[in-house]
There are 2 protein chains.
Amino acid sequence: MSDTEPSEDDINRRANEKSRKRKQARDRMLATKTIEKGLLIVHTGKGKGKSTAAFGLAIRAIGNGMKVGVVQFVKGKWQTGERGVLEKFPDQVTIRTMGEGFTWETQDRARDIAAAKAAWDVSREMIEDCRGDDPKYDLVILDELNIVLRYDYLPIEEVLEVLGGRPEGLHVVVTGRNAKEPLIELADLVTEMTMVKHPFRAGVKAQKGIEY
Amino acid sequence: MSDTEPSEDDINRRANEKSRKRKQARDRMLATKTIEKGLLIVHTGKGKGKSTAAFGLAIRAIGNGMKVGVVQFVKGKWQTGERGVLEKFPDQVTIRTMGEGFTWETQDRARDIAAAKAAWDVSREMIEDCRGDDPKYDLVILDELNIVLRYDYLPIEEVLEVLGGRPEGLHVVVTGRNAKEPLIELADLVTEMTMVKHPFRAGVKAQKGIEY
């Protein structure tokens with residue numbers, strides 16, 4: 001019988017055994033992960049989904065009863081649609097949008113720098129508001145902060161100091177392409193969104209409700 | 001004067017001119033993108049954010065008044081928190097979760113295959129419900145479909161046929177690591193989430209409200 005095909009039962013039995021061992025290994029691994037802390041999360045890369053995933057995190061946090069602060073360094077990145085949903089939870093969400101930010105429409109560097117500094121002041125304040133027994137936020141999202149850091153519109157040292165010294169339980173998400181290396185070093189969780197294929201290549205325009 | 005440092009005004013002027021040219025080039029590029037169609041979007045890769053970004057897309061679509069169908073091939077991927085938010089929009093969202101799916105808890109291949117087939121039947125039905133003048137959904141999310149395709153629990157040919165033949169205006173998002181090459185070929189927009197850094201490495205456990 002050794003040269004016959006394995007039966008479906010055989011295949012299932014082997015797969016289940018392999019799965020059981022994998023689960024054991026995973027349970028052992030997870031048992032070693034015991035530290036609880038607020039995470040510094042970075043979404044970077046040229047692909048889609050950096051802000052969308054941050055927005056998804058905001059909604060997940062809200063669904064878990066957490067309080068969320070959002071600073072938008074680029075205006076219009078989170079559009080009417082998603083802001084409308086967030087605004088259904090006024091007790092849990094604060095959104096601050098500063099200036100025009102770095103859209104393709106911007107052609108005024110001096111104004112951009114001023115907007116970046118104003119947005120950073122608000123960010124720092126939000127983070128400071130999370131100290132003590134009654135933190136104002138559980139999650140702060142600094143959407144597109146990487147872009148202003150990339151153009152050196154803010155001192156990276158100061159940003160690292162504030163993020164690194166954030167209150168213990170506070171989660172912070174930083175998005176935007178070209179994350180600076182020292183920020184990646186400091187972060188707990190870094191995901192790079194890579195563009196494998198984009199519809200522009202096939203002449204397809206951005207689609208409402210999906211891309212904006 | 002030629003060997004002096006450029007003034008802040010000079011730097012601003014040059015930056016603004018560069019930005020103006022970039023905007024012109026971008027406007028020209030965008031003008032060539034005229035096709036409107038429902039997109040087939042794939043989120044793959046080993047990093048975080050594949051399902052979270054899909055969830056963010058669902059919320060954005062809802063905020064734009066669109067109708068969303070979700071099939072979860074893996075149970076528990078979207079937790080109570082985010083489901084709670086989606087369920088606040090019962091007229092716009094339908095969520096179907098099939099079986100236990102491919103969690104680390106699963107040790108029954110035969111049951112997994114049955115669950116995959118049941119979830120696929122529901123998916124195909126959702127897509128078919130979008131034909132005609134009164135489509136039932138504008139966006140269908142097939143969360144973790146890639147995993148069951150990867151294990152060959154569904155015939156890839158049939159999946160490609162249904163997705164490729166979807167109604168014209170319907171957007172479909174497929175998530176999960178190890179997306180099959182022919183699915184990537186067929187898709188309009190593919191993003192790979194790459195793990196650069198993960199908190200497990202530092203002994204940090206998964207954090208409620210953020211990772212689940």
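What share of the 212 residues of chain A counts as buried? The share is 50%, where buried means under 20% relative accessible area with a 1.4 Å probe, protein chains only. This is a predicted model, in which local features need pLDDT of at least 70, side-chain atom pairs count only at pLDDT 80 or more, and totals for chains, interfaces and linings use all residues. Residues are numbered from 1 along each chain as its sequence is written, chains are lettered from A and ligands numbered from 1 in the order written, and side-chain values use heavy atoms, without hydrogens and water.

- The same surface serves both copies: 100% of the contact residues of chain A recur in chain B. Contact means heavy atoms within 4.5 Å.

**Fold of chain A**
- Chain A has 7 helices and 6 strands. These are DSSP runs, with helices (H or I) of at least four residues and strands (E) of at least two, numbered from the N terminus.
- From the N terminus, the order is α-β-α-β-α-β-α-β-α-α-β-α-β.
- The assignment gives domain 1 (1–33) and domain 2 (35–202). Such bounds come from an automatic or database domain assignment.
- The C-alpha centres of domain 1 and domain 2 of chain A are 42 Å apart.
- The radius of gyration of chain A is 22 Å, whereas a compact globule of 212 residues would have one near 17 Å. The radius is taken over C-alpha atoms, and the globule rule is 2.2 Å times the number of residues to the power 0.38.
- The C-alpha trace of chain A spans about 80 × 50 × 35 Å along its principal axes.

**Around B:Asp188**
- B:Asp188 sits in the loop between α7 (181–186) and β6 (189–197) of chain B.
- B:Asp188 is buried, at 12% relative accessible area.
- A polar atom of the B:Asp188 side chain lies 2.7 Å from the backbone nitrogen of B:Leu40.
- Beyond its neighbours within four places in sequence, B:Asp188 contacts residues including A:Lys197, A:His198 and A:Pro199.

**Helix α2 of chain B**
- In α2(B), 13 of the 14 residues are buried.
- Just after α2(B), B:Gly65 takes a positive phi of about 80 degrees.

Methods:
Polar contact = N/O pair within 3.5 Å; in protein donor to acceptor, adjacent residues only side chain to side chain.
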